[in-house]
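Please read the numbered points below alongside the sequence and the model. They are arranged by residue and by element for a reader who is new to this structure.

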Amino acid sequence: MKRIFTIALLLFIHTGTQLVYAQTFIPIPVTGYNADVVAEAGLNAVAVTSTVIDGSNHILYTESFAAGNGVDGGIVNSGMFVSGTRTYQMNPYTASNALYLSVNGNVANTLPAGTLTLSTPAMYSKLSILAFGTENNSTVTVTLNFTDGTSASAGTLAIKDWFYGTPYIFSGMGRLTRTTTAHTVDGLPSEPRMYAFDFNIPCAEQSKLVRSVSFVYVQGPNTSSRALIVALSGVAYTPLTITSTKTDATCGGSSGSIAVTAIGGTPPLAYTWNTTPAQTTPVAAGLGGGIYTLSIRDGNNCTTTVTDTIEMQSMASLTATALPAQICAGDTSSLSVTANGGTVSNYSWSPGTYGGDRVMVTPTDTTAYIVSATDAFGCILTDTVMVAVKPTPQPAFTALPEVVCLGSDHTLTFTGTAGAAATYNWFDFSGATIHSGTAAGPYDIRFDNAGQYTIQLQITEDGCVSTIATEELTVSQPPEAVFTVSKTPVCAGEATTVTFSGTHSPYAIPTWNFGGGNIQDGDGFGPYTVVYPRSGIITLRIQDGVCADTATALEVVAIPLPVADFTTDLTTGCAPATINFTNNSQLADSYQWTLGDGTQTNEKAPLHDYTVPGVYTVTMTAIAQGQCTSTITKPALISILTPPVASFTAAPGENVPVEFKNGTFTFNNTSQFARNYLWDFGDGQSADTEDAQHKYELPGSYRVTLYAGNEIGCTDSISHAWYIVTPDLVLEIPNAFSPNGDGMNDSWNIDGLKARPQATTEIYNRWGQIVFTGIGYTPWDGTRRGQPLPQGTYYYVIKTSADEKPYTGWVALLR
């Protein structure tokens, strides 16, 4: 079968050969295939392919696969298909190697459209695909996509079914059932078939780089049909490059020619000139004066047009001259022309509207003057003469700054134009001193006095003299920033006057900084009244046009105001009283005190004795740095009182024995300057009344002390002794009592026993029974062992001492 396949191929090549210029199609590597339709190795066709390609489970296979599985046929193992000048290269059989399309992608594993992208974009004059259809014929549209982003239609292709279609390019390969084993082959010896489908690149697009080719499947009568594109080839294109050489014709004859050389394009190239008759070679000869067009048509019927002009050359010639050939701007040159080799007439010059063989011109710039004339055949002769206008130097310059302060430089910078040989006249810089600079500069110059100055510049170059450039400069007198203050240091909050004492122009602007001082009045250059709550530094800067001066800064020292304050340990006292003053002042370093009693002192914290009673106002002045003061006065601060004097009398008087029953003393207070009193009666008892009366409960000799105090706690005391109380000579014994709880005479009470603490008392009832026993002063409440005794008469025995007769008698207990 391989032999039969080869014979069919040779027959096709022979019968398909045409007498046209052969174009060579070379394979184009692309990406974009979506199906692996070729079984290339092994025994399992399913394992090495991705899909079937017709409705009866068939695929393509290689000669190697055929040999390994004992079947005939198969496509070439290399995937390269060659037919005359056409070569197609399929993708490797181990990868996707076909663009598998169907209408709307309704067949499994197919696409409705696909794009093959060139691995390397290039220019082509023709493209061709190797393709075939299955399940009937297919139709696809082709679109070319270029790297510049444009696209072009390449038409519609009718792709024939792989069985029985003509003309074909390859056939007799056989088709294989896609099974895992037991493969069968049919179609041999003449089927299936592959076809070449060519499409031209539009002439206008052949110079663009093809980036990709897109295919869209078009709905046909059979919705089951499908197309497979397995390779892309193309004819490389080189853009046409054209050069020409012409020979002008002699005036009155046809001796001109144009020779064209064309390289590139798609051969063969056909030439057609618009001559009469038409000439069809790259060289057109026998041409008279005129415009000629050549059309070059390549092998793809793409046409390129070339146009050139044959001039008429006269036998005569013109020679033009200028005298002088170089002038300065504004000067005049004489132009003249002579004719040689024939008779000429009708001279004219351009630019301008001059006529004749001699003219005078005054160009502003270098100018080429063209003179033309007519020979005997009516041909135009020309010649050109140059009049060079030497550049006039431009004297422009800048002078910066235009206004300076005296003592500062102006910088002159040349901004015009001049050559290296130019000379510069600065007119002595109006008397300024040159600090630096030569020739064109730049220059640094300085004037010694304030004023207005004019700087001029004129340049001479190659005999041409410029105009005079002028700049006006101003030198200003600088101000003098000086000021004084009327007072420093000052007390905080005190004003000082700031007075300007320098110089300035009427247009000067001062900038003051008073360092935190508060301006009370003043503006401009002052004077100013400024209050300083704290120290501050005054600065002044004067801007007088471009001049400025800064004054020496001056500090106004503001002494913080002291704060006077003091306290005392006492504000009241009795003469003599010592008062300790505590100084609580702040920010002070010296002090003055007026203590109210005629005493003055500079002590910081005085200790002072007030000896005379009275009310005293105290004033203290706190002083800072001997200049700033603060005074505090506390009216009626100190109150000094007369001290109290204790004094009293008593009845009975001192050293007068008094029986116990009469032991009540009356004390008469005779103290002075006192408001409160305390009596100490010497028996542990006291009283705080002004006068006092006291009964002693025991015999004895008593010292009585009176303490007299005033309203601020000053005290005086006096003692008198002795006030003597003796026991009663005779006891006074009640003979009745009524212990009925009415609060009157509820106990038998012998007051005189208070003075006899060793006395004993025994009480008997009428039967001689002891019902009560007491020692010393022990009142009887009419009970025995806590039980009330009946009303009746009871008998007592009172023994006061061993050497005194006992007291006996009766007492009536009443209920």
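Predicted model: local features only at pLDDT ≥ 70, side-chain atom pairs only at ≥ 80, totals over all residues.

1. Ala47 lies in the loop that runs between strand E3 (38-39) and strand E4 (58-61). Strands (E, at least two residues) and helices (H or I, at least four) are DSSP runs, numbered from the N terminus. With a relative accessibility of 59%, Ala47 counts as exposed; the classes are buried under 20% relative accessible area, exposed over 50% and partly exposed in between, computed with a 1.4 Å probe on protein chains only. From C-alpha to C-alpha, Ala47 is 93 Å from Ala376, and the two are 329 residues apart in sequence.

2. Residues are numbered from 1 along each chain as its sequence is written, and side-chain values use heavy atoms, with hydrogens and water left out.

3. On confidence, the chain has an average pLDDT of 92, and 97% of the residues score at least 70. pLDDT is the predictor's confidence in each residue, on a scale from 0 to 100. Over residues 1-20 the pLDDT stays under 50, and the model has 23 contacts beyond four places in sequence for this stretch. Contact means heavy atoms within 4.5 Å.

4. Two cis peptide bonds deserve attention when the backbone is inspected. One runs from Thr166 to Pro167, with omega near -15 degrees; Pro167 is in the loop between strand E11 (151-159) and strand E12 (170-171). Another runs from Ala651 to Pro652, with omega near -5 degrees, and Pro652 belongs to the loop between strand E61 (648-651) and strand E62 (658-659).

5. Positive phi values also occur. Asp462, a residue other than glycine, has phi near 50 degrees. Its place is the loop between strand E40 (451-461) and strand E41 (464-465), and Asp462 counts as exposed because its relative accessibility is 53%. Ala636, likewise not a glycine, has a positive phi of about 50 degrees. Ala636 sits in strand E60 (residues 628-641) and is partly exposed, since its relative accessible area is 48%.

6. Which strands make up the open sheet that includes E23? Three strands take part, in the order E21-E23-E24, and their pairing is antiparallel. Strand E21 (270-273) and strand E24 (303-310) are at the edges; each has a single partner strand, so one side of each is left without a neighbour in the sheet. From one strand to the next, the twist averages 20 degrees; axes are lines fitted to C-alpha atoms, for helices over the stretch in contact, and angles between N-to-C directions run from 0 to 180 degrees. Strand E23 (residues 290-297) is joined to E24 by eight bridges, two strands being paired if DSSP finds at least two bridges between them. Thr293 has Thr307 in E24 as its bridge partner.

7. Another open sheet has three strands in the order E53-E55-E58, again with antiparallel pairing. Its edge strands are E53 (566-568) and E58 (607-610), each of which pairs on one side only. The twist here averages 30 degrees from one strand to the next. Strand E55 (residues 577-583) runs antiparallel to E58, and four bridges join them. Ile579 stands opposite His608 in E58.

8. The UniProt record, an unreviewed entry, places the feature "domain: PKD" at residues 590-622 and 664-713. Residues 590-622 are 0% helix and 61% strand, and their end C-alpha atoms lie 6 Å apart. Residues 664-713 are 0% helix and 54% strand, with end C-alpha atoms 31 Å apart.

9. Is His694 buried or exposed? His694, in strand E66 (residues 692-695), is buried because its relative accessible area is 10%. The side chain of His694 makes a polar contact with the side chain of Asp683 at 2.7 Å. A polar contact is a pair of N or O atoms within 3.5 Å; within protein, one must be able to donate a hydrogen and the other to accept it, and residues adjacent in sequence count only if both atoms are side-chain atoms. Setting aside neighbours within four places in sequence, the contacts of His694 include Gly663, Thr664, Phe665, Phe667, Phe681 and Gln685.

Methods. UniProt positions renumbered as here; feature names shortened; annotations may be inferred.
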